[in-house]
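Open the model in your viewer and keep the selection tool at hand. The tour moves from one selection to the next.

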Amino acid sequence: MKKILVTGGTGYIGSHTVVELQQQGFEVLIVDNLSNSNIEVLDNIEKISGVRPYFENFDLAAEAATADFFARHSDIDGIIHFAAYKAVGESMTKPLAYYRNNVQSLINIMEAMRVHNIQNLVFSSSCTVYGQPDELPVKETAPIKKAWSPYGNTKQMCEEIIEFTTAATNLKTIALRYFNPIGAHESALIGELPLGVPNNLIPFITQTAIGKRECLSVFGSDYSTPDGTAVRDYLHVVDLAKAHVVAVNRLINGKNKKNMEIFNLGTGNGFSVLEVIEAFERINNIKLNYKIVPRRAGDVEKVWADTSFANEELGWKAEIGLDEMMRTSWNWEKKLAGKA
Ligand code: NAD
Ligand code: WQD
């Protein structure tokens with residue numbers, strides 16, 4: 001049984017990936033300091049998969065604790081590194097916390113990989129590295145634009161750290177650039193747990209629908225898009241989780257063609273904010289209270305992925321459509337509110 005370390009494994013994407021790994025017969029170890037998740041996620045993972053993953057709670061940005069963990073677990077076959085802070089707005093006010101957490105934790109992990117000869121690393125990157133691309137759909141070869149936020153900058157820096165470290169060692173790495181992951185597990189046992197007022201569209205929609213928020217603000221209707229609202233490539237978190245299993249298998253089985261590979265993960269389809277709202281209302285039979293307000297600072301107009309490289313090379317394709325994304329997001333919100 002191959003042993004995979006999932007950092008940030010009690011978080012949103014991590015928890016879904018742990019379930020998929022377990023269902024594919026991997027043994028999973030989780031490290032998470034619960035800075036943006038809670039321990040009950042382990043119970044819910046166990047309810048879905050029937051297996052409770054091994055868990056340790058510590059800060060991966062702490063060098064000694066990370067070294068100590070790897071000294072005790074040097075037989076790991078691969079690492080999927082999700083652990084990071086991810087709130088773009090918060091990163092503008094706490095840049096150093098973001099650089100420390102996101103960059104230092106990667107350095108500590110790669111150092112431990114070097115020391116213990118652990119070769120395979122899958123890294124969570126983001127479409128945010130592209131900014132507003134000049135050409136759509138955006139390919140992996142598109143130029144990286146100057147980051148608009150410290151968060152986005154940490155993803156760019158981490159990719160560069162991985163690139164140079166991979167070139168200097170025998171490590172094999174895959175960076176996955178996610179577009180907009182949304183939705184929740186079909187069981188409604190795991191999903192996204194936003195703290196405080198959500199910044200992201202889908203939790204804001206579901207919290208408005210459940211009555212936690214009064215009204216959804218649609219940021220801008222004067223973009224150069226068919227209905228004037230901004231366009232994104234939303235993908236279901238379970239599709240995304242499955243891509244991680246494919247990626248880590250690729251590395252373990254030596255199927256990678258370069259020591260660092262980069263893949264876009266999206267559906268390849270762009271949907272506008274109004275199209276998302278329409279799908280949510282229709283599939284869940286709910287009227288959503290929303291109003292158009294001015295653009296949000298820093299938002300790009302439109303971005304969606306060219307997924308052909310991931311489709312062809314990884315043999316992975318997103319299968320779940322927007323309606324299912326909206327249905328599972330709503331089921332998860334109802335479950336959180338005790339209404340399902
Ligand atoms: P999340 O916040 O739900 O999960 C991250 C987990 O990492 C949390 O459980 C948190 O407690 C843990 N963590 C953070 N810093 C840690 C540290 N120093 N030590 C140990 N644990 C730590 O976030 P998510 O949405 O699941 O995102 C996972 C990864 O994917 C992140 O790297 C994020 O930047 C990236 N990503 C997310 C999105 C998105 O829209 N959700 C898009 C692109 C990329
Ligand atoms: C989607 C669309 C908003 C909230 C963020 C990060 C990015 C990546 C994915 C991690 C935009 C509009 C939103 C609201 C709205 N994360 N919106 N009303 O900004 O595309 O990407 O998550 O790597 O780095 O920046 O996602 O969900 O915030 O917004 O109208 O209340 O919904 O303007 O067009 P975004 P989002």
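The stops below cover a pocket, a strand, some ring pairs and a cysteine.

This is a predicted model, so local features need pLDDT of at least 70, side-chain atom pairs count only at pLDDT 80 or more, and totals for chains, interfaces and linings use all residues. Residues are numbered from 1 along each chain as its sequence is written, chains are lettered from A and ligands numbered from 1 in the order in which they are written, and side-chain values use heavy atoms, with hydrogens and water left out.

**Stop 1: the second largest pocket.** Select Glu140, Thr141, Lys258, Ile262 and Phe309, which lie nearest the centre of the second largest pocket among its 13 lining residues. A pocket is an open set of points on a 1 Å grid over the protein atoms alone, where a 1.4 Å probe fits, with protein on both sides within 12 Å along at least five of seven lines; lining residues have an atom within 4 Å of a point. The volume is about 280 Å³, counted as the space filled by probe spheres set on points joined across faces, edges and corners.

**Stop 2: strand β11.** Which element gives the largest share of that lining? Select β11, which supplies 3 residues. Strands here are DSSP runs of E, at least two residues long, and helices are runs of H or I, at least four, both numbered from the N terminus. In β11, 5 of the 6 residues are buried, so the strand is largely enclosed by the rest of the structure. Buried means under 20% relative accessible area, exposed over 50%, and partly exposed in between (1.4 Å probe, protein chains only). Thr173 has Met260 as its bridge partner.

**Stop 3: ring pairs.** The structure holds 6 aromatic pairs: rings of Phe, Tyr and Trp (its six-membered ring) with centres within 6.5 Å, stacked under 30 degrees, edge-to-face over 60, otherwise tilted. Select Tyr130 and Phe179: centres 6.3 Å apart, planes at 35 degrees, so tilted. Both are buried. Next take Phe263 and Phe309, stacked at 4.8 Å and 25 degrees. Phe263 is in β11 and Phe309 in helix α10.

**Stop 4: Cys127.** The model has 0 disulfides (cysteine sulfur pairs within 2.5 Å). From Cys127, the nearest cysteine sulfur, that of Cys158, is 16 Å away.

Notes:
Two strands pair if DSSP finds at least two bridges between them.
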